[in-house]
Amino acid sequence: MTDKLRPDFAAAIADIPDGATIAFAGFGMPGTPFNLIAALVEQGARNLTLIANTTGGAQQPRMPDIGMLVERGRVRKVICAFTAATRASDVLPFTKHYEAGEVAAELVPQGTLAERLRAAGAGIPAFYTPTAVGTELAEGRERRFFNGREYLLEHALAVDYAFLRARRADAFGNLQFHRSQRNFNPVMAMAARIAIAEIEEPILPPGTIDPDAVHTPGIFIHRLVQIPPPPLGLWPQKRQERAPR
Amino acid sequence: MSDPTPGFTRQQMAERIAARFEDGWIVNLGVGMPTLCSNVDIAPRRVIYHSENGVIGYGPIAPAGEEDLDLVNAGGQNVTLLAGAAVVHHADSFAIIRGGRIDVTVMGAYEVSAGGDFANWKIGRAKGGGIGGAMDLAACAKRVFLVMEHATRSGAPRLVGRCALPVTARKVVSLVATNLGVFAPVGEGFRIHELAPGVPREVAAAATGAKLLD
């Protein structure tokens, strides 16, 4: 068996070429691969296509996010469920670059995004969904009626690499997530040619995780990196609440 | 946050919405004002709160110092879990939504039309938008309730004949709680369910961009 353990984050992502398509797990702080993102900022690959729930930068304190790659001019396109802040009065770091035309963006409803990734991992090239029917997003899209209801065609979204974060792993790459850390992690693992996971607890010998309790099986996981304790490793921070409007 | 002007406070708007929750419903609360619904005591009825990031059965916000930083609701707040809670991944969470298991989704909105269309993901001048899970929820939940201000800060109506902003979904909204009252879009206008204390009908009518019906 190939050894999946990598000595550090830089080693785990060293081969990522210019033009790669990369998916980043995480919803808010939980399950976000902060350490792998920080390593990619240093690594230098360019012309990237990045998939994540948001472009980042909406929460304080700011942790590594894909917006940092956009700000460095390294991104061709993002595919996200948010390309603007949830509060209209907020401006994301991404926005300036998007409005200047420096980066392209595809805005995708969150459930459609998750299902497109899942479909890619499940060998399903496309599917129909009722989400976004009658909206601007439906323009120019294939429509079809089933049982009298209208649906839109959506295509699977396969990626070259997925960046993941999990509470626990064994050396085979079997993963367990804690609470809402799971979010996009399992479907992005499935959608990727190479899935790279940063792991919080000491990586366990194979056979230590009960097979019934594995959330993502190791066959989807190719590389593992142990997260060092802070300040060397990056860990979720308590969010700073903003004053109410 | 006390409101000196007549009408409902934000919390009272959330109370009007939560009063409609039926025992056993699976409820999805959007970011912002809708999260106030989970503060409302609706006993003896019980509902299960679902969050789009895969948390089923969450409870109140965690007390300071007791947060689990890996447990958030849709708004990124550190919540707690109630007995019987479960966590699933994103595709399963949206299978729950798309599969029609959500009894009601409560959202904020910029505009709602008399025909039940609503807009909450993009403002006119913006290039980007924030859809999140709103389009999935709006298209697939059994009911869509809105909690929103009745008018913009400059006084323009948010309850209108037709939405000017890009819509999130069409013909889905069944109830709207605003600072001026509770209304139902019924096609030819908005039917008044309740006016907030101190709000005369003509004030509500003047602030509404479509016909008000009794």
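**Entry 1: ground rules**

I count two residues as in contact if their C-beta atoms, placed from the backbone, lie within 7 Å. I am working on a predicted model, where local features need pLDDT of at least 70, side-chain atom pairs count only at pLDDT 80 or more, and totals for chains, interfaces and linings use all residues. Residues are numbered from 1 along each chain as its sequence is written, while chains are lettered from A and ligands numbered from 1 in the order in which they are written.

**Entry 2: A:Ala191 and the core**

I looked up A:Ala191 and left aside its neighbours within four places in sequence. The contacts of A:Ala191 are then A:Ala23, A:Leu117, A:Ala120, A:Gly121, A:Leu157, A:Ala158, A:Val159 and A:Ala162. Next I asked which residues have the most contacts inside the largest nonpolar core. They are A:Ala162, A:Met188, A:Ala191 and B:Leu146, and this core has 138 residues. A nonpolar core here is a set of buried Ala, Val, Leu, Ile, Met, Phe, Trp, Tyr and Cys residues joined through C-beta atoms within 7 Å. Buried means that 20 or more other C-beta atoms lie within 10 Å of the residue's own; exposed means 12 or fewer, and partly exposed is in between, with C-beta atoms placed from the backbone. In soluble globular proteins, nonpolar side chains tend to be buried together.

**Entry 3: chain A as a whole**

I found 6 helices and 12 strands in chain A. Helices (H or I, at least four residues) and strands (E, at least two) are DSSP runs, numbered from the N terminus. The radius of gyration of chain A is 18 Å, close to the 18 Å from the globule rule for 245 residues, so chain A is as compact as a globular protein of that length. That radius is taken over C-alpha atoms, and the rule is 2.2 Å times the number of residues to the power 0.38. Along the principal axes, the C-alpha atoms fill a box of roughly 50 × 45 × 40 Å. Of the 245 residues in chain A, 53% are buried. I also checked contacts between residues at least 6 apart in sequence: 79% of them join residues at least 24 apart.

**Entry 4: where chain A touches chain B**

The contact takes 46 residues from chain A and 38 residues from chain B. On the chain A side, α4 (93-99), β4 (104-107), α5 (110-122) and α6 give two or more residues. α5(A) gives the most, with 6 residues. I sorted the chain A side into 21 nonpolar, 17 polar and 8 charged residues. Nonpolar covers Ala, Val, Leu, Ile, Met, Phe, Trp, Tyr, Cys and Pro; charged covers Asp, Glu, Lys and Arg; the others, Gly among them, are polar.

**Entry 5: A:Phe177**

A:Phe177 lies in the loop between β10 (175-176) and α6 (185-191) of chain A. Is A:Phe177 buried or exposed? It is buried, because 25 other C-beta atoms lie within 10 Å. Its C-alpha atom is 5.1 Å from that of A:Arg167, 10 residues apart along the chain.

I noted a cis peptide bond from A:Gln60 to A:Pro61, with omega near -5°. A:Pro61 is in the loop between β2 (48-51) and α3 (66-71) of chain A. Phi of A:Ala132 is near 80°, a positive value in a residue other than glycine. A:Ala132 is buried, with 26 other C-beta atoms within 10 Å. Phi of A:Asn147 is also positive, near 50°. A:Asn147 is exposed, because 5 other C-beta atoms lie within 10 Å.
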